[in-house]
Amino acid sequence: MPPLATYTLRRLAQTIPVIELIMLGNFILLKAIPGDLVDVIAGEGGAASPEYMDMLRAQFGLDRPDWAQFLAYVRQLGHFDLGYSFRHNMPISQLILDRLPATLLLIGAAVALAVGLGLLLGALAARFRGGLVDQAVSVFAAVVFATPVFWIGLMAIVLFAVQLRWFPLGGMTQIGGPPGVLGAVGDIAYHLVLPASTLSLAYLALYARVTRAAMGEVYDLDYVRTARAKGISEARIAIRHVLRNALLPVVTLSGLQLGSVLGGAVVVETVFSWPGMGRLAFEAVSDRDINLLLSLFLCNSLLVIVMSLVIDLLYGVLDPRVELAS
């Protein structure tokens, strides 16, 4: 078999025990949380008799031992069934499919904005190393990276939505919005500006620092000095020779940070009332909906594993020094 195919199959086989350990770890951690769905229902109703609560636990399958519940969960996954959310009264797969497009749109816009602006700021800082631009980018990256995402979101709402009224307070669409496909797309993009910008800021700072460091190393290489000696313009050297060879760390970082971006989406979607998987996870934690949380965590883990595999393959394709079959 070709080395790339052999490497891919081997990595896929290695992910099986990883996924199993993730499933077991998520189940143990969620079961360690005090309370369950029946306690939440009883609390919302004001009171409930012990007999009624026992009946609900038997109906939801919560009266069985933990090991029996875990085996039932694994058996469901073996049939490609994520289970049923008794809180939302619908299959979990349908819930996730309904919320997934909004989350993918938010994450895609945030990552594109973070990578694009991060590359630009990092390239400027590397081009003017030690100068005022480099210092300004470094200070901006440090401040933004150290600021909590929820605080940035709240301040963005106060400034741009409440004071200036440039953007809406939250949500994904306006009730009774503009007609037509173009009107709907424009309405969603209008509501997307603040959440995507907030989510991208912390990662933008990180990409800027990584780009600056990678390009700084490339600028010191011999072939860059040779290009300058040949009279090639600085703009062409920066784009075609330096930035092009410094992209691999940024691509790797963007793929590996997918899990943390999904984690940040929980906060951003909650602050801006964005109807995605992050807000669904927050609601599931409040409702003690263990079945839904297990499925959400599993989907998150699978996305991170898949992206890690894709990044490894990119390393093998882009860097000839990597031996995939080793």
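**Salt bridges and a helix crossing**

At 6% relative accessibility, Asp134 is buried (under 20% relative accessible area; over 50% is exposed and in between is partly exposed, with a 1.4 Å probe and protein chains only). The model is predicted, so local features need pLDDT of at least 70 and side-chain atom pairs pLDDT 80 or more, while totals for chains, interfaces and linings use all residues. Residues are numbered from 1 along each chain as its sequence is written, and side-chain values use heavy atoms, without hydrogens and water.

**Salt bridges**
- The whole structure holds three salt bridges (a side-chain nitrogen of Lys or Arg within 4 Å of a carboxyl oxygen of Asp or Glu).
- Asp134 pairs with Arg212 at 2.6 Å, N to O.
- This pair links helix 8 (Arg212) to helix 6 (Asp134, residues 132–146), 78 residues apart; helices are DSSP runs of H or I with at least four residues, numbered from the N terminus.
- Arg212 is partly exposed at 28%.

- Glu283 meets Arg99 at 3.8 Å, N to O, joining helix 13 (residues 277–287) to helix 5 (residues 92–127) across 184 residues.
- Glu283 also bridges to Arg279 at 3.6 Å, N to O, four residues away within helix 13.
- Shared partners join Arg99, Arg279 and Glu283 into one network.
- Arg99 is buried at 17%, whereas Glu283 is partly exposed at 22%.

**Helix 7 and helix 8**
- The axes of helix 7 (residues 149–163) and helix 8 (residues 181–219) come within 9 Å and cross at roughly 145 degrees (lines fitted to C-alpha atoms over the stretch in contact; angles run from 0 to 180 degrees between N-to-C directions).
- Residues in contact (heavy atoms within 4.5 Å) include Phe160 of helix 7 and Leu201 of helix 8.

Technical notes
Helix = DSSP H or I, 4+ residues; strand = E, 2+ residues; numbered from the N terminus.
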